[in-house]
Structure formats: C-alpha cells, structure tokens
Amino acid sequence: MQVVLNDYQLGASLATALVNTAAEVQSEGDRIAHPAALADFLAGHRVPVAGTPTSADVAAVHALRAELRALLLAPAEASPRRAVERAAALTEPVGVGPALTPGDDGRWVWRVRSRPGAGLADELALLTGTAVLAVLRTLGPDRFRRCASPDCAGVFVDTSRGGRRRYCEPEVCGNRVNVAAYRARRRAGDSGGRAAGEPG
C-alpha cells in the first residue's frame, strides 16, 4: 500500500469509521465481529486488500481500533505531542519513506509505502496514522472530538472545510438529536397550549 502524505481525507475518514464500529459505541454490538464483516467494512470504505480477511486479522484490527480511539482522544484530552507520538508508533514499524513520486496529474507527491509482508492491520495503521499526523499538522488538534450526542460514545476527526462538525455520524447522531429536540418542543407546545386553555 502507498499513502499520499498530503491526502488525509481517506485515512481520517477511515480512522473515524473504524473506531466507531466498536461495541462501546454501537448499541447493536461490534460491527466488525468476524472476517466477513471486516471484508464488508473495508469494501465499503474502498480500502484495497490482498486476500480474504481472517480471524487473526479481525483480532489485530480490534487492537488497532483501541489504539486509534486513544489516539483520536489524545489531542483534546492530553496533548498534541502525545498524539504525534501515538501516531508515529503506528506508522514507523510498517512505513517506508517518504519518497517523492509522480502523481496521476503529473505533479510530484510525497508518499510512504508499507514494508513487504505487512499485515492487514499494519496497512490500516499506516493509512490512518499518517492521516492523523497530516490533520494535526494541517488543521490542528481541535479537529479531534467526541460526538456531541449525549448518548453516543463516538469520536471523530473533523476534516470539513469549516471545522464545525459535531457528530461522529451526522446522519445518525445528528438526526437523533434533532428529532429529540423537535419532540421536546412539540411536548412543550402541547402542554403550554393546554395550560393556557384551562379555566382559572
């Protein structure tokens, strides 16, 4: 696998999605509980893999997921320096480079590649770890956040242009918060209307 150093969107998105597959975040249980679920997750995020994931790959990805969760929490809760150390610990054992290579558009780009024989979890560690380092350098430590939904334990990397993302899964957590707020307003309006109509 080769990772383009200035293209952190894919790796940051993958890191966010991966940490939020854990049972501590998902009420329906671990989303990567077996090799077929891992294969589906990787295909859904367009991560190319050689061969079919195994139970050993699942266990290694679970260990990576736990480390990534700690890593995504580190900039806000400990320090950016600690996050850099954690990310480097993910990338250094497997990464080779960087090397300057021509890109698809003819421009030269910095890339790192994985060492020969790297396992699936190592490849994911390289992709997500380099993305975390790039986000820290380019966007800053305040882009690493906990989900704003009161009943969600998710974390995420905000790579949006404005940096205003609040939820780990906006279409799920954001929608849930909006629906709850709407229902609360309706209940308040209904009870206020009944109170106003009652005789004094």
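View 1. Leu100 lies in strand β2, residues 95-102, strands being DSSP runs of E with at least two residues and helices runs of H or I with at least four, both numbered from the N terminus. With a relative accessible area of 44%, Leu100 is partly exposed, a class that falls between buried (under 20%) and exposed (over 50%), as judged with a 1.4 Å probe on protein chains only. Together with Trp108 and Trp110, Leu100 forms a nonpolar patch on the surface that has about 380 Å² of accessible area. Such patches consist of residues with over 30% relative accessible area and no salt bridge, in which nonpolar side chains (Val, Leu, Ile, Met, Phe, Trp, Tyr) are joined within 5 Å; a salt bridge is a side-chain nitrogen of Lys or Arg within 4 Å of a carboxyl oxygen of Asp or Glu. The areas come from the Shrake-Rupley method with a 1.4 Å probe. The model is predicted, so that local features need pLDDT of at least 70 and side-chain atom pairs count only at pLDDT 80 or more, while totals for chains, interfaces and linings use all residues. Residues are numbered from 1 along each chain as its sequence is written, and side-chain values use heavy atoms, with hydrogens and water left out.

**View 2. The largest nonpolar core.** This core, a set of buried Ala, Val, Leu, Ile, Met, Phe, Trp, Tyr and Cys residues joined through side-chain atoms within 4.5 Å, has 39 residues, and Leu68 and Leu124 have the most contacts inside it. At least two core residues come from each of α1 (9-19), α2 (35-44), α3 (55-77), α4 (80-91), α5 (120-138) and β5 (155-157), and α5 gives the most, with 11 residues. Leaving aside residues up to four places away in sequence, Leu68 touches Ala15, Leu18, Val19, Leu90 and Thr128, where contact means heavy atoms within 4.5 Å.

**View 3. Leu133 in helix α5.** Leu133, which is found in helix α5, counts as partly exposed because its relative accessibility is 26%. Beyond residues up to four places away in sequence, Leu133 touches Val84, Ala87 and Thr91. The C-alpha atoms of Leu133 and Ala83 are separated by 8.2 Å, although these residues are 50 apart along the chain.

**View 4. The two sides of helix α2.** Ala37, Leu38, Phe41 and Leu42 are the buried residues of α2. Seen down the helix axis, they fall within an arc of 135°, so they line one face of α2; the arc is that of the directions from the helix axis to the C-beta atoms. Asp40, Ala43 and Gly44 are exposed on the other side of α2. Just after α2, Arg46 takes a positive phi of about 55°.

Methods:
Patch = residues over 30% accessible without salt bridge, like charges linked within 9 Å, V, L, I, M, F, W, Y side chains within 5 Å.
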